[in-house]
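The model is a predicted one.

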Amino acid sequence: MIRSMTAFGTAKAETEHGTLTIEIRSVNSRFLDLNFRLPEDLRMVEAPLRDLLSREISRGKVEIRANYARALTADAASLDTASLQRLADLLAATRKIIPDVPAPRLSELLAASNGTETLDAEAWTAMALDAGTRALADLQAARQREGRRLADIMQECAESMTRITDEVEASLPVILEEHQQKLAQRLRDALLHANPDGFALITGEELSARIAQETSLFSLRIDVAEELARLRSHIEELGHILSGTAAAKTSPAPTRKAGGAGKRLDFLFQEMNREANTLGSKAGALSMTRAAIDLKLLIEQMREQAQNIE
């Protein structure tokens with residue numbers, strides 16, 4: 001299955017202890033790079049979340065953020081009068097120097113009073129795994145949707161490559177015939193230039209044999225049947241990868257850790273580019289040169305899209 005490396009997922013867990021929100025963002029990267037942005041009170045959930053994400057994601061730069069709010073308890077709903085008086089005195093002293101200092105909100109006072117308690121590691125870890133699992137599912141769904149769009153773009157490029165390959169194959173007999181005609185004309189012009197009676201010194205059979213020999217050498221030089229066959233094979237393999245069947249053919253129980261679709265595509269495009277280069281070097285006509293350039297442009301377009309595939 002094709003997945004993009006660019007996506008976003010979020011989820012919230014709520015219990016009697018409070019609420020916890022997990023956000024996961026991912027962008028393309030050559031390897032898996034997990035970056036956690038957690039409050040100090042929630043550092044104990046980093047290891048479980050790292051293990052969860054590492055099992056499901058193989059490539060990408062992933063940022064995980066967590067925000068939490070404790071539930072107000074009966075004790076937290078009341079404030080010590082003496083503590084409030086000390087805060088009021090401190091605020092008054094501060095305003096003598098900085099008059100614009102605002103008074104704290106009631107929610108801030110309650111949070112400060114409740115913040116001295118240590119979080120229940122087991123309860124908040126369970127909440128983090130719950131929210132993290134659902135945020136990861138949201139992320140993976142978005143990655144799959146974007147992956148399908150990327151696969152559609154590459155499939156269109158592959159279809160264009162197939163059309164170009166068919167056109168090159170169909171044009172080879174025409175190119176050979178045109179070359180044979182040009183060669184025959186040049187030989188005639190050369191004989192007439194050397195001697196007006198040049199055709200009296202060479203028989204038609206000898207002239208035909210010479211033309212056939214030169215044409216045969218030219219046909220060998222521009223023979224691109226193997227390159228076209230390999231290009232078709234690569235395009236077919238591309239279709240298998242984009243449809244998600246390549247891994248299934250390779251192993252009955254494939255694991256993405258052994259190499260995702262993105263790495264397979266990168267290697268495949270290298271091989272395609274090699275064949276396009278050979279096709280260009282063997283070009284016996286301007287149309288073949290243009291075809292080789294068009295193929296390389298399409299391969300580069302697909303390579304750019306593949307950079308964002310897991």
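The buried residues of α6 are E227, L228, L231, H234, I235, L238, I241 and L242. They line one face of the helix, because seen down the axis of α6 they fall within an arc of 135°. An α-helix has 3.6 residues a turn, so residues three or four places apart point the same way. On the other side of α6, E226 and E236 are exposed.

The length of α6 (residues 225–243) can be checked as well: at 1.5 Å a residue, its 19 residues should span 27 Å, and the end C-alpha atoms are 27 Å apart, which agrees. Just after α6, G244 has a positive phi of about 80°.

L238 also belongs to the largest nonpolar core, which has 34 residues. With M154, M161, L265, F269, M272 and M302, L238 is among those that touch the most other members.

| Element | Residues |
|---|---|
| α6 | 225–243 |

The largest share of the core, 10 residues, comes from α4. In soluble globular proteins, nonpolar side chains tend to be buried together.

L87 lies in helix α2 (residues 81–97). Is L87 buried, partly exposed or exposed? L87 counts as partly exposed, because its relative accessibility is 43%.

Key
Residues numbered from 1 in each chain as written. Predicted model: local features only at pLDDT ≥ 70, side-chain atom pairs only at ≥ 80, totals over all residues. Heavy atoms only, no water. Helix = DSSP H or I, 4+ residues; strand = E, 2+ residues; numbered from the N terminus. Buried < 20%, exposed > 50% of the residue type's maximum accessible area, 1.4 Å probe, protein only. Expected span 1.5 Å × (residues − 1). Arc of directions from axis to C-beta. Core = buried A, V, L, I, M, F, W, Y, C linked by side-chain atoms within 4.5 Å.
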